[in-house]
Amino acid sequence: MVNVTADSNKPQEKTVNMSPWAIARRKFFRNKLAMISSFFLLAIMIVSFLAPYITTQDISRVNIGQMSLEPGGEHILGTDKAGRDVFTRLLYGGRISLVVGISCTALVILFGTLVGSIAGYYGGNIDTMLMRFTDFVLTFPFLVFVIVLNTILFGIVDGLWVLIAAISLLSWGGVARIVRSKILAEKENEYILAAISIGCKPSAVIIKHLLPNVLSTIIVQATILFATLIVAESALGFLGIGVPQSIPSWGNMLTASQEADVLRNKPWIWMPPAIILTVTILSINFIGEGLKDALNPKSFR
Amino acid sequence: MSTTETKQAIRQDGKVVKDTLLDIRNLKTYYPVKGGFLKRTVGHVKAVDNISFEIKKGETLGLVGESGCGKSTTGRTILRLLKPTEGQIIFDGKDITNITGAELRKARRDFQMVFQDPYASLNPTQSVGSIISEPIRNFEKRNKEELKEEVLELLSRVGLPPEAYDKYGHEFSGGQRQRIGIARALALKPKLIIADEPVSALDVSVQSQVLNLLKELQGEFDLTYLFIAHDLSVVKHMSDRIGVMYLGNMVEIASNESLYAEPLHPYTQALISAIPEADPKKKKERIVLQGDVPSPQNPPTGCAFHTRCPMAKEECSKVKPVLKEVKPGHQVACILY
Ligand SMILES: Nc1ncnc2c1ncn2[C@@H]1O[C@H](COP(=O)(O)OP(=O)(O)OP(=O)(O)O)[C@@H](O)[C@H]1O
Ligand SMILES: [Mg+2]
């Protein structure tokens, strides 16, 4: 009995002077699945971004002598129909997929949070206008927009950035709505009135007081978005309207499976990107779940 | 301002003449009610409907009334946390009714608020040190050590240990949180503090500690209080004068003694009769009000109280009584006087 109370006292002592963030961090570190997923994702990122140091194979040169080689020997994962090393393309492809995923997520979160927090904080006409605009963007046909933008900007801007811009410009609406509704609820708290009455500017009220308190929602949204956007990039790549075909990405690599012969008889060409894509998305989702648990608002009150 | 001020000054002849710090004239605050699918304004909640009063420097004006009668709205409007619909707010000789932006922010250092809910009034992501130093940081440039020293001083002044500096709101009890809120309000050394039911969310055992703290601080920092409560016994302990609100209207204002000795408005009489008597021999008759408080969206015509008033006459539903002085320093809004 004595032991039990002594034990149960220990963690409480530790919580003293801990910011809600520190508490959340500790909770997250205790979540095994989320931690394993984090390490996995980190590993994928490191390996992808260090691709030029890991493999020296050329990613784009067509090699007629080595078409569709099975895995083994010089090519660990074999070669594709143009004779390019699958392993090398997988690494470089991860780089592109992750860059697209990360930059789109960052831009979408940034823009969505900006619009949502301004609309939610000011309310009234500003809110009405911004939300009308958001609705308009949300109803925009995504594929058409991407194709049109790609065509207009083809050759003027690097294809990768066109894709990132197109995805970002069309995807912030959901975040804006969620952030707005969170801000609307949060600003009813008296600490917001307190912040105004101690002379904080509206920008300070939003940045210092409102956003930190809706940040948990934003972070969870970001993980969901990150997974969704990587899939979106792959889907566009698969359809042939994503990243230019000359650049390898996981989506572009999957395009090969459109051929029945490749799909049935040469799984080493499309299985690696499919598997790595699936596992990456899964681990991002596990991280998201872990964050959601750790950032439970109960630990903030 | 001048007419009322001179009147007060003459009346208080012999005593220390205190200046008016806050002068509220015909203040109205309506909340729009949106309806229909186009979200048009279909009506108004008349939360504060034409009230006037003043507070002199160094004084405590208590504001009482049932839940929903517009006390918080009054307080928040005075501090310009809400936009007044009509009327005038004169603070320390300056009309602050319509100032905005940087000018309003600058004016805010002289009037602060202590909030009702100690759990919702502290930002959960901010440390106590940051909460209390923020008002100072907003107005003045200080180096880190000076700032910390000042915050520690404030902490000790409101009865919190220095260790509180690095802690977060969730590590404190309601009473301690309220002390943090008081320290925040005090940080800028304001002239006026509006305390909006500062103890109603606290355990009875800590209520009087917090009330006593507020009293001590008043003397020490030369504070003027607008003290809001829904409970007359709390207000009695704190106030020099008391204003009684009903459905967005001020029905009676009088000095503490005068109001308890001789409540004039039937509503005030009912409120006072409901205070439990400590001495069981002093039996008094409790006036029980009939019916519910009407909706502030659609208040009764004439006197807002006439639907529940035991002494209502036919006229009461037609003429809206105005606040008038029936005895020195005792104002009431009722046609009986
Ligand atoms: N933001 C708002 N929008 C619409 N109506 C409101 C709003 N805030 C308050 N009201 C209404 O205005 C009236 C006065 O509210 P207020 O909060 O000022 O009352 P109160 O006297 O402080 O009550 P309590 O003792 O419960 O704090 C109430 O009828 C309330 O429903
Ligand atoms: Mg209130």
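In what order do the eight strands of the open sheet in chain B run? The order is 6-7-8-3-9-10-12-11, and the pairing in this sheet is mixed. From one strand to the next, the twist averages 25°. The model is a predicted one, and what follows describes that model.

Inside this sheet, strand 9 (residues 241-246) and strand 10 (residues 249-255) of chain B can be followed as a pair. They run in the antiparallel sense and are joined over six bridges.

Strand 1 (residues 20-35) of chain B is joined to strand 2 of chain B by 13 bridges, and the two run antiparallel. Within this pair, B:Val33 stands opposite B:Gly43 of strand 2. The two strands form a hairpin with four residues between them. One residue in that turn, B:Gly36, has a positive phi of about 70°.

Strand 1 of chain B also pairs with strand 4 (residues 86-91) of chain B, again in the antiparallel sense, over five bridges. B:Arg25 has B:Gln88 of strand 4 as its bridge partner, and B:Lys28 stands opposite B:Glu86 in strand 4. When tracing side chains along these strands, recall that in a regular strand the side chains alternate between the two faces of the sheet.

Strand 2 leads on to the ligand. Which elements of chain B each supply at least two residues of the shell around ligand 1? They are strand 2 (40-56) and helix 2 (71-78). Helix 2 of chain B gives the most, with three residues. There are 14 residues around ligand 1, and those that come nearest are B:Ser67, B:Gly68, B:Lys71, B:Ser72 and B:Thr73. By class, the shell divides into five nonpolar, six polar and three charged residues.

Polar atoms of chain B meet the ligand at several points. An N or O atom in the side chain of B:Ser72 is 2.6 Å from an oxygen atom of ligand 1. For B:Lys71 the polar atom belongs to the backbone, and the distance to an oxygen atom of the ligand is 2.9 Å. A nitrogen atom of ligand 1 lies 3.4 Å from a polar side-chain atom of B:Tyr31. On its own, ligand 1 has 630 Å² of accessible area, of which the protein covers 63%.

Record annotations can be set beside these features. An unreviewed UniProt entry places the feature "domain: ABC transporter" at residues 22-272 of chain B. In the model this span is 37% helix and 29% strand, and its end C-alpha atoms lie 27 Å apart.

For chain A, an unreviewed UniProt entry places the feature "transmembrane region" at residues 33-54, 96-124, 136-154, 160-179 and 268-288. Residues 33-54 of chain A are 95% helix and 0% strand, with the end C-alpha atoms 28 Å apart. Residues 96-124 of chain A are 97% helix and 0% strand, and there the end C-alpha atoms are 42 Å apart.

Notes
Residues are numbered from 1 along each chain as its sequence is written. Chains are lettered from A and ligands numbered from 1 in the order in which they are written. This is a predicted model: local features need pLDDT of at least 70, side-chain atom pairs count only at pLDDT 80 or more; totals for chains, interfaces and linings use all residues. Side-chain values use heavy atoms; hydrogens and water are left out. A residue is near a molecule or strand if one of its heavy atoms lies within 4 Å of it. A polar contact is a pair of N or O atoms within 3.5 Å; within protein, one must be able to donate a hydrogen and the other to accept it, and residues adjacent in sequence count only if both atoms are side-chain atoms. Accessible areas come from the Shrake-Rupley method with a 1.4 Å probe; for residues, only the protein chains shown count as cover. Ala, Val, Leu, Ile, Met, Phe, Trp, Tyr, Cys and Pro count as nonpolar, Asp, Glu, Lys and Arg as charged, and the others, Gly among them, as polar. UniProt positions are given in the numbering used here, feature names are shortened, and annotations may be inferred rather than shown by experiment. Two strands pair if DSSP finds at least two bridges between them. Axes are lines fitted to C-alpha atoms, for helices over the stretch in contact, and angles run from 0 to 180 degrees between N-to-C directions.
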